[in-house]
Amino acid sequence: MTSNKTVLISGGAGYIGSHTAVELINANYDVIIIDNLSNSELSAIDGIKKITGRQDLTFIQVDTCDYEALKKVFDNYQFDSVIHFAAFKAVGESVDEPLKYYMNNLMSFMNIIDLMKKYERPNVLFSSSATVYGESDDLPVTEESPRMPATSPYGNTKQMAEDILRDCANAYKGLHGIALRYFNPIGAHPSALIGELPRGVPNNLVPYITQTAAGIRECLNVFGGDYPTPDGSCLRDFIDIVDLARAHVATIDRMTQGKMEAPYEIFNIGTGRPVSVLELITTFEHVNNLNLPYRITDRRQGDIAALWADVTRANEVLGWKASRSLDQTLSAAWAWQKHLAQI
Ligand code: NAD
Ligand code: WQD
């Protein structure tokens with residue numbers, strides 16, 4: 001296997017990283033996973049091994065903020081590409097503990113870029129977020145839609161990291177960067193061997209729904225029923241986790257095949273279809289044949305009414321398109337919750 005077909009995945013034991021590792025392996029890439037397990041468990045690595053049959057998968061427990069430890073990974077392994085997932089992601093916590101977020105999310109990324117440059121490894125894929133658009137006047141948002149001032153330190157780390165990658169890719173010859181702006185990733189692998197592992201009370205909608213269906217939470221609060229949307233609840237672009245993982249494969253293909261048209265590129269990764277919170281709940285109930293206790297409550301502070309993606313660029317340039325139906329996604333989300341109950 002050449003280094004061109006090897007990808008270092010930072011944060012690869014996490015939700016998006018573990019699914020991406022599976023899809024890269026399925027596409028004949030070799031992966032090296034590094035993670036400090038601050039928000040994940042070794043069971044994810046076991047899940048990847050089971051799904052792919054790759055018992056020899058390389059996993060190294062490393063904190064990407066630890067420059068010397070990270071440097072050893074670069075000394076010991078050959079790879080041309082890195083996908084940088086390693087970050088903290090709880091929006092509310094970032095407001096209470098901003099330094100924790102700036103330190104971890106920016107330090108780890110600068111270490112990665114610095115070592116990619118020093119070791120002449122060309123390709124950096126960064127996990128960005130639709131949060132950079134804030135409350136946009138352009139709907140659906142394109143990659144040219146303006147970024148709004150960040151409303152949380154977490155969101156700010158995404159904007160700052162995008163800028164760091166852009167500036168470095170423009171300045172350092174041979175370094176290429178792509179930022180993928182994910183919309184709302186949901187669901188789990190159809191095998192139910194890997195999925196999202198929320199800590200404590202989930203902030204995100206789908207883990208809250210599956211935990212409510214499982215009886216762990218009493219009732220789902222739908223935050224706001226009076227938004228200026230067709231049914232009064234918020235609209236989002238929910239992207240299936242396997243589709244999202246495959247977008248990373250298409251992006252790494254583009255980078256390793258030398259197809260980039262500029263040193264730094266950005267792609268929206270979503271479905272292009274807005275779905276309301278109430279529609280998502282109804283679909284979950286229908287595909288899984290159950291009733292979900294929910295009530296409409298006050299709006300959650302900081303939520304925006306509607307955000308969904310224009311995915312033309314990803315469809316045309318990456319040759320990638322979301323293909324899994326909302327039914328399939330919500331059925332997999334429930335299967336994963338039931339799997340969690342058994343372990
Ligand atoms: P996650 O918490 O499941 O995965 C992140 C992984 O990074 C975890 O396994 C954690 O242990 C690891 N990690 C964190 N700091 C580290 C460090 N210093 N060194 C080594 N490992 C470290 O989160 P996720 O949902 O898989 O998100 C992955 C990336 O995608 C993050 O950068 C996140 O901000 C971004 N993102 C996520 C969403 C979402 O809704 N899940 C949306 C947009 C963007
Ligand atoms: C979705 C909708 C809620 C929980 C967040 C981050 C964003 C990105 C993705 C990382 C909203 C409603 C939710 C609940 C509810 N992450 N909801 N009851 O807020 O769109 O985006 O995750 O980059 O940065 O902000 O996702 O899943 O929290 O909410 O009614 O118990 O579900 O009001 O309309 P959000 P979410």
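Author: One begins with a definition: a cavity is a set of grid points where a 1.4 Å probe fits but cannot get out, and its lining residues have an atom within 4 Å of a point. Rolling a probe the size of a water molecule over the atoms shows where empty space is left. The model here is predicted. Its second largest cavity is lined by His84, Ala86, Ala87, Asn105, Phe126, Thr157, Lys158 and Ala161.

Reader: How much space lies in the second largest cavity, and which helix gives the most to its lining?

Author: The space amounts to about 30 Å³. Helix α6, residues 153-171, gives the most, with three residues. By type, the lining divides into four nonpolar residues, three polar and one charged.

Reader: How many cavities of 30 Å³ or more does a search of the whole structure find, and what lines the largest cavity?

Author: The search finds two. The largest cavity holds about 110 Å³ of space, and 13 residues line it, with Glu196, Pro207, Thr210, Ala333 and Trp336 nearest its centre. At least two lining residues come from each of α7 (205-213) and α11 (326-342). The lining comprises eight nonpolar residues, four polar and one charged.

Reader: Let us turn to packing. Which residues have the most contacts inside the largest nonpolar core?

Author: A nonpolar core joins buried nonpolar residues through side-chain atoms within 4.5 Å. In the largest, which has 38 residues, those with the most contacts are Ile9, Leu24, Val31, Ile33, Ile48, Ile269 and Trp320. Several elements each supply at least two residues of this core, among them β1 (6-10), α1 (15-26), β2 (30-35) and β11 (264-269). The largest share, eight residues, comes from α8.

Reader: Which residues does Val31 touch, leaving aside those up to four places away in sequence?

Author: Val31 touches Val7, Ile9, Ala21, Leu24, Ile25, Leu57 and Thr58. There is also a second, separate core of 26 residues, including Val62, Leu70, Phe79 and Val124.

Reader: Why may α1 be called largely enclosed by the rest of the structure?

Author: The reasoning rests on burial, meaning under 20% relative accessible area. Of the 12 residues of α1, 11 are buried, so the helix is largely enclosed by the rest of the structure. Among the buried residues are Tyr15, His19, Glu23 and Leu24.

Reader: What span should the 12 residues of α1 have at 1.5 Å a residue?

Author: They should span 16 Å, and the end C-alpha atoms are 17 Å apart, which agrees. After α1 comes Asn28, whose phi is positive, near 70°.

Key. Residues are numbered from 1 along each chain as its sequence is written. Chains are lettered from A and ligands numbered from 1 in the order in which they are written. This is a predicted model: local features need pLDDT of at least 70, side-chain atom pairs count only at pLDDT 80 or more; totals for chains, interfaces and linings use all residues. Side-chain values use heavy atoms; hydrogens and water are left out. On a 1 Å grid over the protein atoms alone, a cavity is a set of points where a 1.4 Å probe fits but cannot get out, and a pocket is an open set with protein on both sides within 12 Å along at least five of seven lines; lining residues have an atom within 4 Å of a point. Grid points are joined across faces, edges and corners, and a volume is the space filled by probe spheres set on the points. Helices (H or I, at least four residues) and strands (E, at least two) are DSSP runs, numbered from the N terminus. Ala, Val, Leu, Ile, Met, Phe, Trp, Tyr, Cys and Pro count as nonpolar, Asp, Glu, Lys and Arg as charged, and the others, Gly among them, as polar. Buried means under 20% relative accessible area, exposed over 50%, partly exposed in between (1.4 Å probe, protein chains only). Contact means heavy atoms within 4.5 Å. The expected span of a helix is 1.5 Å times one less than its number of residues.
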